[in-house]
Amino acid sequence: MTLRRIPGPFDAIQQALDAAGGGDTVLVRDGTYTGEPNQNLVFNGKDMILRSENGPDACVIDCDGYGRGFGFYYGETAAAIVEGFTVIRAGYYGGGGAWCTNSNPTIINCRFLGAIAAERGGAIWCDNSSPTLRDCVIADNLTEYYGAILLQNQSHLRLVNCRIERNSSNDGAILVYWDCSVALENCTLTDNGGKYAGAAMYAIGAQVVLKNCTIAGNVSRGSDRWALRFDDSNVTISNCVLWNNSSRSAVHTAALGNSQLHVSYSCIQDGQLGVYVSDPAMLNWGPGNLSTDPRIVRSGAHLRGDSPCINAGDPLGDYSGQSDIDAEPRVAEGRADIGADERVDADSDGLPNWWEQRFFGSSTAANPALDNDVDGLNNLAEYENGRNPQRGPITLYVDPAGSDAWDGLSPTWNGTHGPKGSLFAAVAAAERYEGDTIVLNPGVYSGRLNRSVCTSAKQVLLRSQQPADPATVAATIIDCGGQVGVTEQRCGLYFPASTPANCVVDGLTIRRGHARVGGAIYAAENAAPVIRRCVLRDCTTERGGGAYTRTGGTRFEHCRFENSHATQDGGGVWAGEWGSADFIGCQFVANSATRHGGGVYLLEHERGTFVNCIFAANQAGSLGGGGAFDQLYQPPWGTSVTNCIFTRNTAADGGAAALRDAGAYLTNCTLTDNSTARGGGVAVFGQPGLRLGNSILWNNHATSGAELAMLPAYDPAKALVTYCDVAGGAAGVYQQPGSLLEWRSTNTAADPLFIDFDGPDDDPSTWVDNNYRLVSGSPAVDSGWNALLNGDPLDLDQDGRADEYLPLDYDWSSRIVDDVQTPDHGCGTIALVDMGAFETGGMTPQPCVGEISGDGSIGLQDLALLLSNFGTSGVCLSGDLDANELVDLSDLAVMLSQFGAACD
């Protein structure tokens, strides 16, 4: 019996499933299916077939941030089959694609994409179940804990010819618990991200078989974690490629506890040295293993024609009935290849059959030397770089009045071409590696296809018509439509694991995100997008109201985070867990957090860099009104904040900022009119502590420590204050017993003489018009230490140099200049930096790092001065180029790297 969805007697998929009986087939025609009757689909114990009419490209179940695709709860057997669907944007607690409990279904040719789950198998969750997945794609799924695929309670999963890509979880892509087993045959595990366990797989007390698989590009960012981790498990790896996986330790695979790891006929990076074996675990290094470059193409799954893995698989293996990841026969030339790709190249031109067939219609049609799309790459290079040989980079346009049926090749309909109607369709039309541009015409983009949009790690530029024009940015709006009471995950843009830095968003307003984490922006493990000139506002989440970034390297340039709220931490931004986040010229305004970090919250080993940012009118219920920095141990100090302003922020502790067991530099910052109970300016809990230099702390308010409070945590609070203007001097610092304060005589407590502290309206609370620049003759002018600005890691002036003094101040004017009307009180040569975020004075020759003699070049005089102080400690020593109050080898290395250069 066959039951049809459209046209037919049923209005929704679940209605047809309810009406069907065992042995029936429910055939679903093309379309996108949404809403409760088309998700959380259950068979109710009946062994029947649910099949799309024309495959997963044409039949989509869109959960829109709520619910899951399929649930098998009632003892279904392998005869219960789901075939040919794409499930996107699931948002359930776990098992976003499918949850199997006490059941053994078969899932064929399905795609589970872009789920955002709290935990327990973002895509697949198996509980006392033994399903089989064949020819499936599991990609771009996110779960905080317990993997994109979770096996527990004696579950046994078989994956055949599946692709597991760009998933992210603290516990990796596949998590296999005690008394469970997983077998992967002809599968790829690529570009997944993790933290706590194994980015690609973590098995504990399990049986694991990996046969003809390619495991590449997976990244684990946690301390002493691995891309593949096996604890107390029996693991067999044969005919597999394990390459270019990375972790914070030197190796990417680990066998721990009582594990038995058997490896044969596989290509393993660094050979046996690429596997960490902890006693009493044992490694059985069998025959046929390689450690030479497998020569995988950029897409991660396929081999180049000169790969040593071709015809290098187990000659005695049983490959009957098997095909590779492209559905080509497993043994092509008498002996199997290593990895998921069995390379078949009928005309021996370097281009495999499947690729020529896909792009040219015949397995022998392409000429590897030709450049068909005239983009500067011949066809062989196109294959090796994952590119489309029939077209180069294109621009796709989107308009709220457009149509997803149009091709997107024109900003308006011209009779042949016209803009897409949704961001979702435009991203889907972009190629992964071509470098396409997506342009949003002004308008409000709302509704299901304009929220929770996953970029799939594509290298795209997503921008407004004129990103540099604030009016255009304000008029180009992604409205997520979220609000309190909405149950769906309604974020803005989601960047999955391994998103590259050439994925750029420029000049958009994203508003009303309402999600568990990351209201406007979510960047998953190992993602490094660039967000530029965007306004992220009016969002509500548990963590990261405006943006949430974890273990990646997200960069925010000239963005505004405004009026967003986190019910836990990070009203504007939450960033953490072994990653890095850079902020250039950003504004954090009127954000709030119930706990920590009204403006921004950095957690656990995060390296944050803030340059030329303002934190104003943010609030936190506990730590850090402007920013909270928590458990940042990365040497030397974890995070750096330079040329920044903190004003009108409030919190219980640390009105402007709070450090808890964290290290941070605050250099050339102005902190004024912030308020709290303890530490109106900064509250420091524990160590490594705070280094405060060239900064102004003035007119902050607190019951204890109006400017700075030092409070105990696991260790005594620690702070070094040098070349700063602090109201009340050392008396403005509150110290609990045991605190370690290093207060230099280079500090001052004189009024810094702001030009107009309370603005033309004489009201300091209306901070927008307040002028915190310094008058000429201020005691803070020409009174800083140049060496504290040694380094321009974010290349603020875009001159390609990171080894110079920071060149610009908060106003984007020259940073180190001389005010001829003010006596010099600081430390340096040629010109001296001011304290605070602004620089006063005319244009004068800029000093350069390593130039300490004052003659304008780095030569023997400078070297002699450095050597004369070598091994000496103290403040403002000639040759102390890194400002650590010691002239040592690190300073000598800096000078020698620039020796002979003239200052610009």
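**Salt bridges in the predicted model**

Let's start with one pair. Asp 306 and Arg 304 form a salt bridge, with the closest N and O atoms 2.9 Å apart. Keep in mind that this is a predicted model. Asp 306 is partly exposed, at 41% relative accessibility. Arg 304 is partly exposed too, at 25%.

Which residues are linked with Arg 304 and Asp 306 in a network of salt bridges? Arg 295 and Glu 384.

Now the whole structure. How many salt bridges does a search find? The count is 36.

Next, Arg 448 and Asp 62. Their side chains meet in a salt bridge, 2.6 Å from N to O. Arg 448 sits in the loop between β39 (443–445) and β40 (453–454), and Asp 62 sits in strand β6 (residues 59–62), so the bridge ties together parts 386 residues apart in sequence. Is each end buried or partly exposed? Arg 448 is partly exposed, with a relative accessible area of 25%. Asp 62 is buried, at 1% relative accessibility.

Last pair: Asp 375 and Arg 387. Here the side chains meet at 3.2 Å, N to O, in a salt bridge. Asp 375 is in the loop between α2 (353–360) and α3 (379–384), while Arg 387 is in the loop between α3 and β37 (395–398), so this pair ties together parts that are twelve residues apart in sequence. Asp 375 counts as partly exposed, at 22% relative accessibility. Arg 387 has a relative accessible area of 13%. Buried means under 20%, so Arg 387 counts as buried.

Conventions
Residues numbered from 1 in each chain as written. Predicted model: local features only at pLDDT ≥ 70, side-chain atom pairs only at ≥ 80, totals over all residues. Heavy atoms only, no water. Salt bridge = Lys/Arg side-chain N within 4 Å of Asp/Glu carboxyl O. Helix = DSSP H or I, 4+ residues; strand = E, 2+ residues; numbered from the N terminus. Buried < 20%, exposed > 50% of the residue type's maximum accessible area, 1.4 Å probe, protein only.
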